[in-house]
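Visitor: Could you take a close look at one spot in this fold, and then walk me outward from there?

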Amino acid sequence: RVGPRLTGDIGLALGLAAGLIVIAFATTGGFDSSITVSTANTWAEIAITLVGAGLCAAAVVLAPRGPAFGAAAVGLFALLTAFTALSILWSVQPDNSWQAANLTLAYFLAFAGAAALARFAPERWPALLAAIALVSVAVSGYAILAKVFPASLAAADTQGRLQAPLGYWNATGAAAVLGLAPCLWIWTRRGGSALIRGLSVPATVILISVAVLSYSRTAALVAILVAGGWV
């Protein structure tokens, strides 16, 4: 029998994962030095910015009072965002710097919004880990399928490295190792469903395979640090 607590965690995990998967597959990227500008990217940035700002405002007004955990990290991210925006003044390519500032602002408000959401439901952290694992496995699974069936899923993907659906092998490798720690946690925890723990084993294999086949040195280093730190 599934209790209301577990049902809420599952619902929240599936909702977060669905939203992040839509963003990952709807937006576009690349490996060149310019920032990809598209309608999907612009609307994704707007949506993330508005949702993050709304969560921050709601946390200020409605969240219970208590220690401001994560405030230092949010403050440092705010400084980075401000510095990125100020760099437009001395940039040799101010149009690209403007796009980078908008992108960094969306990243910052996503981060700050997540911190605000944690103040509303601090006991729901397993749902967040499950959502990260689901998104990483979905992106990684598609990356492998796109290489196996390039004509059907990624006709333009002619690189030897795995890069679909994010368009950049370092990003695809990073997305894979991002889910490695949650999958290891699900795999080795003593509680929870035996079925879910069993599924986390092939999921971990998929993530490691993509980290290796992306040929991303950063992804390989992070995977070693994650696995070694976990052990």
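Guide: Let's start at Thr 27, which sits in the loop between α1 and α2 (39-62). Helices here are DSSP runs of H or I with at least four residues, strands are runs of E with at least two, and both are numbered from the N terminus. Before going on: this is a predicted model, so local features need pLDDT of at least 70 and side-chain atom pairs count only at pLDDT 80 or more, while totals for chains, interfaces and linings use all residues. Residues are numbered from 1 along each chain as its sequence is written, and side-chain values use heavy atoms, with hydrogens and water left out.

Back to Thr 27: its side chain reaches the backbone oxygen of Ile 23 at 2.6 Å. That is a polar contact, meaning a pair of N or O atoms within 3.5 Å; within protein, one must be able to donate a hydrogen and the other to accept it, and residues adjacent in sequence count only if both atoms are side-chain atoms. Setting aside neighbours within four places in sequence, Thr 27 is also in contact (heavy atoms within 4.5 Å) with Ala 40, Asn 41 and Ala 44.

Now to the salt bridge, defined as a side-chain nitrogen of Lys or Arg within 4 Å of a carboxyl oxygen of Asp or Glu. The count comes to 1: Asp 9 with Arg 124, whose closest N and O atoms are 2.9 Å apart. Because Asp 9 belongs to helix α1 (residues 4-26) and Arg 124 to the loop between α4 and α5, the pair ties together parts that are 115 residues apart in sequence. Asp 9 is buried at 11% relative accessibility, while Arg 124 is partly exposed at 22%. The cut-offs: buried is under 20% relative accessible area, exposed is over 50%, and partly exposed is in between, with a 1.4 Å probe and protein chains only.

Next come the rings. Rings of Phe, Tyr and Trp (its six-membered ring) pair if their centres lie within 6.5 Å; planes under 30 degrees apart count as stacked, over 60 as edge-to-face and the rest as tilted. The whole structure has 6 aromatic pairs. In one of them, Phe 77 and Phe 111 have centres 5.4 Å apart and planes at 50 degrees, so the pair is tilted. It links distant parts of the chain, with Phe 77 in helix α3 (residues 71-86) and Phe 111 in helix α4 (residues 94-120), 34 residues apart. Phe 111 is partly exposed at 36%. Another tilted pair joins Phe 83 and Trp 90, at 5.7 Å centre to centre and 55 degrees between the planes; Phe 83 is exposed at 51%, and so is Trp 90 at 54%. Phe 77, Phe 108 and Phe 111 form one aromatic cluster.

Val 74 is in helix α3 too, and it is buried at 18%. Beyond neighbours within four places, Val 74 is in contact with Phe 108, Phe 111, Ala 112 and Ala 115. Its C-alpha is 9.7 Å from that of Gly 113, 39 residues apart in sequence.

Further along is helix α8 (residues 180-188), whose buried residues are Leu 180, Pro 182, Cys 183, Leu 184, Trp 185 and Ile 186. They pack against α5 (125-148), α7 (169-178), α9 (194-213) and α10 (217-230). Cys 183, buried at 3%, is in contact with Ala 133, Val 137, Ser 200, Ala 203, Thr 204 and Leu 207, again leaving out neighbours within four places. Cys 183 also belongs to the largest nonpolar core, which has 10 residues, including Trp 185, Ile 186 and Val 210. Such a core is a set of buried Ala, Val, Leu, Ile, Met, Phe, Trp, Tyr and Cys residues joined through side-chain atoms within 4.5 Å. The elements giving it two or more residues are α5, α8 and α9. As for disulfides, a pair of cysteine sulfur atoms within 2.5 Å would qualify, and the count is 0.

Last, some backbone details. Ser 214, in the loop between α9 and α10, is buried at 0%. In that loop you'll also find Tyr 215, with a positive phi of about 55 degrees although it is not a glycine. The peptide bond from Ala 164 to Pro 165 is cis, with omega near 0 degrees, and Pro 165 lies in the loop between α6 (150-153) and α7. For context, most residues other than glycine have a negative phi, and most peptide bonds are trans.
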